[in-house]
Amino acid sequence: QVQLVESGGGLVQPGGSLSLSCAASGLIFDITVMAWHRQGPGMQRELVAAISSGGSAYYADSVKGRFTISRDNARNTVYLQMDKLKPEDTAVYYCKAQIRGIEGIYNAYWGQGTQVTVSS
């Protein structure tokens, strides 16, 4: 069974940095897009950043220049480096990946979420 397990997150002061990681495990034949989403209090879940297997990255306007997404294809892992954090970045962060497993088709998988709190 395919799983996404996130790590990182926590409490940081405004202007600080945090790093998230998300590793996919299980019987995996291919992973295309890997992405990070977030859901703030009372907000809808939104896409933060995404990266293709070839390394092409997309960022939401709100995080451009502050967040960096990267991946290690050999480890089936995606990372999110978050710098210059703002209180409005406070949210539960979820990773998502399009994975082809034993079924032979691509399905979307989500991590369990990790809390990021930016506060003084």
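Biologist: What makes β3 and strand β8 (residues 77-82) a pair?
Modeller: Six bridges join β3 to β8, and the two strands run antiparallel. Pairing takes at least two bridges, so β3 and β8 qualify. This is a predicted model, and every value here is computed from it.

Biologist: Which residue of β8 stands opposite L20?
Modeller: L80 in β8 does.

Biologist: What makes strand β1 (residues 3-8) a partner of β3?
Modeller: Six of them join β1 to β3. At least two are needed, so this is a strand pair too. These strands run antiparallel. S7 stands opposite S21 in β3.

Biologist: Why is the link between C22 and C95 called a disulfide?
Modeller: The S to S distance is 1.9 Å. The cut-off is 2.5 Å, so C22 and C95 pass. By this rule the count comes to one disulfide.

Biologist: What parts does the C22 and C95 pair tie together?
Modeller: C22 lies in strand β3 (residues 18-25), while C95 lies in strand β9 (residues 91-100), so the pair ties together parts 73 residues apart in sequence.

Biologist: Why is the disulfide of C22 and C95 given a hand?
Modeller: Look at the torsion about the S-S bond. For C22 and C95 this torsion is about 45°, so the disulfide is right-handed.

Biologist: Are C22 and C95 buried or exposed?
Modeller: C22 is buried, and so is C95. That puts both under 20% relative accessible area.

Biologist: Which residues touch the most other members of the largest nonpolar core?
Modeller: W36, L80, M82, Y93 and I99 do, in a core of 31 residues. Several elements give two or more residues to this core, among them β3, β4 (30-39), β5 (46-51) and β11 (114-118). β9 gives the most, with five residues.

Biologist: Why is the contact of E46 and R38 called a salt bridge?
Modeller: Their side chains meet at 2.7 Å, N to O. The limit is 4 Å, so the contact counts. The structure holds five salt bridges.

Biologist: How do you know whether R38 is buried or exposed?
Modeller: R38 has 6% relative accessibility. Buried means under 20%, so R38 counts as buried. E46 has a relative accessible area of 34%. That value falls between 20% and 50%, so E46 is partly exposed.

Biologist: What makes D89 and R38 a salt bridge?
Modeller: The side chains meet at 2.9 Å, N to O. That is within 4 Å, so D89 and R38 qualify. D89 sits in the loop between β8 and β9 and R38 in strand β4, so the pair ties together parts that are 51 residues apart in sequence. D89 is buried, with a relative accessible area of 1%.

Biologist: Why does D72 with R75 count as a salt bridge?
Modeller: The closest N and O atoms of D72 and R75 are 2.9 Å apart. The limit is 4 Å, so this is a salt bridge. D72, at 19% relative accessibility, counts as buried, because the limit is under 20%. R75 has 58%, which is over 50%, so R75 counts as exposed.

How values were computed
Residues are numbered from 1 along each chain as its sequence is written. This is a predicted model: local features need pLDDT of at least 70, side-chain atom pairs count only at pLDDT 80 or more; totals for chains, interfaces and linings use all residues. Side-chain values use heavy atoms; hydrogens and water are left out. Helices (H or I, at least four residues) and strands (E, at least two) are DSSP runs, numbered from the N terminus. Buried means under 20% relative accessible area, exposed over 50%, partly exposed in between (1.4 Å probe, protein chains only). A nonpolar core is a set of buried Ala, Val, Leu, Ile, Met, Phe, Trp, Tyr and Cys residues joined through side-chain atoms within 4.5 Å.
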